[in-house]
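Here is a short briefing on a protein model. The points are grouped by topic and can be followed alongside the structure.

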Amino acid sequence: MGSFERVDFFTDLSLVDDPYPYFDYLRSQGSVTRLPHRNVVAVTGHEEALAVLNDAQTFSSAVAVGGPIPDLPFVPQGDDISAQLEEYREQMYAYGAIVTMDGARHAKSRALLMRLFTPSRLKKNEEFILGQADRQIDEFIGQGRFELLKQYASPFALLVIADLLGLSESDRKTFRDQAFEVPQQMGADAQVESSAAEFFGFVFNYFEEYISSRREQPTGDILTDLAIARYPDGSLPEVADVAWVAAFLFGAGQDTTARLLSACLQVLGERPDLQSLLRADPGRIPDFIEEALRMDGAVKHAARLALRSTRIGGVDIPAGTVVSLFYGACNRDPRKFENPNEFRLGRPNVKEHLGFGRGAHTCAGAALARAEVRVSLERMLQRMDDIRIAEAFHGKPGQRRFSHEPTYVLRGLKELHLEFTRAGGGG
Ligand code: HEM
């Protein structure tokens, strides 16, 4: 384990394919431990992570996405940096994104966002999800093989959000074409980061125009609802604030869902026993998804900034410290989950994983993501028998090769090639 001592999690690409031995090393140093670089304290304990997530007064989300990269635009001074953070807030990375907001500003944006997730809207969206799953499976069902991310998961997750936002057919196509160029939100290298920023800029500008035109000429669609929606205090949001909400959904809800689906299929591709079990009893698919979120959740890291000097897990945390929440490690905390490295269907406490975060910033799209993955698995298991990992791409059992996206935020396969036998009656 000694070899991990000087490793920099935020830039070291050797941790990308399998970060779990590094997480074990961190945990062996304590469930809260200072890293050798970047003024960061790492949290790998489930209980300690909850203590941070549930104390938004002490821990700001201003660094939620980037963590310690880029550097803070100020040098923290004293035992309370709240005023300093407010002074420099607009210079913080991803300033306009809801996930980086705190307090009243966050609550206002969240109220706006939740207008999209009404029960009737979600119900309509689920009808779309079901239809879309089958339409996409139709495209490759006759071939006996497919690459999950490009041929199914990425376009599927994108089109579901496009439907949620009520985008027209031609706009969906624009996004679908554009989206294939999109790498991760945050990468371990500057190049990935800048192309992510480019895509985000594209989506943001698009929605800014969309919202402005809906304000001038309401059309009665979903984006009109969002464009004319007021904050709970009755004031009208800036166009840019609404555009951020809509644009953020593309960043937050697309890759994450696609990667979760790939994590599920990777397990199923190796485990014919689980495939048979879930085919026979689809009611257990939701449990299976929760365990996949716990074992290999799509968000492996999020961060908070200590506003005041404090202590967590017996470790001093001076104001201005970045607190790295290693969700991927907390979800395998042996104090919380028995035999944490074992994929175990039916764990009684599985839903306590932190795959969707917790506290004020709990994932707003969790119900949607769960529905997308559940319906996809239901349809795939019904229409395809004997789903297996394609050896030509990933090697034989015991010698598999899988590449993951080079990012310290998300956890996800670059591609997953699968083969299957078309099901007799279900095709
Ligand atoms: C499997 C799929 C997904 C995973 C694993 C996931 C995970 C997460 C996590 C861990 C957070 C909290 C980040 C933090 O603690 O700072 C979060 C926040 C968020 N997620 Fe998701 N997410 C998924 C899908 C979605 C979808 C489909 C949407 C929307 C369409 C969405 C929208 C959001 C939003 C808006 C936030 C920020 C909430 C806030 O700051 O109040 N997510 N997500």
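His 353 is placed in the loop between H14 and H15. The model described here is predicted.

**His 353**
- His 353 has a relative accessibility of 3%. Because buried means under 20%, the residue counts as buried.
- Apart from neighbours within four places in sequence, His 353 is in contact with Glu 290, Leu 293, Arg 294, Asn 331, Phe 337, Arg 358 and Arg 370.

**Helix H13**
- Helix H13 covers residues 285-296, which is 12 residues.
- Of the 12 residues in H13, 10 are buried, so the helix is mostly covered.
- Among the buried residues of H13 are Glu 290, Leu 293 and Arg 294, and these three are also contacts of His 353.
- The cover over the buried residues of H13 includes helix H1 (20-28), helix H11 (255-270), helix H12 (272-280) and helix H15 (366-383).

**The iron atom**
- Cys 363 is the single protein donor to the iron atom of the ligand, through its SG atom at 2.3 Å.
- Cys 363 sits in the loop between helix H14 (327-330) and H15.

**The five-stranded sheet**
- Five strands form an open sheet in the order E1-E2-E8-E5-E3, and their pairing is mixed.
- Strand E1 (32-34) and strand E3 (59-60) are the edge strands, each pairing on one side only.
- E3 pairs with strand E5 (residues 302-306) in the antiparallel sense, over two bridges.
- Opposite Ser 60 stands Leu 305 in E5.
- Helix H2 (residues 46-53) lies across E1, strand E2 (40-43), E3, E5 and strand E8 (322-325), and runs at about 130° to E8.

**The three-stranded sheet**
- Three strands form an open sheet in the order E4-E10-E9, with antiparallel pairing.
- Strand E4 (145-147) and strand E9 (384-389) are at the edges; each has a single partner strand, so one side of each has no neighbour in the sheet.
- Direction ignored, neighbouring strands of this sheet are turned by 25° against each other on average.
- E9 and strand E10 (residues 417-422) pair in the antiparallel sense over four bridges, and Met 384 has Arg 422 in E10 as its bridge partner.
- H11 lies across E9 and E10, at about 95° to E9.
- H15 lies across E4, E9 and E10, at about 105° to E9.

Terms used
Residues numbered from 1 in each chain as written. Predicted model: local features only at pLDDT ≥ 70, side-chain atom pairs only at ≥ 80, totals over all residues. Heavy atoms only, no water. Expected span 1.5 Å × (residues − 1). Buried < 20%, exposed > 50% of the residue type's maximum accessible area, 1.4 Å probe, protein only. Contact = heavy atoms within 4.5 Å. Donors = N, O, S within 2.8 Å, 3.2 Å for Na, K, Ca; no water. Pairing = 2+ DSSP bridges. Axes fitted to C-alpha atoms, helices over the stretch in contact; angles between N-to-C directions.
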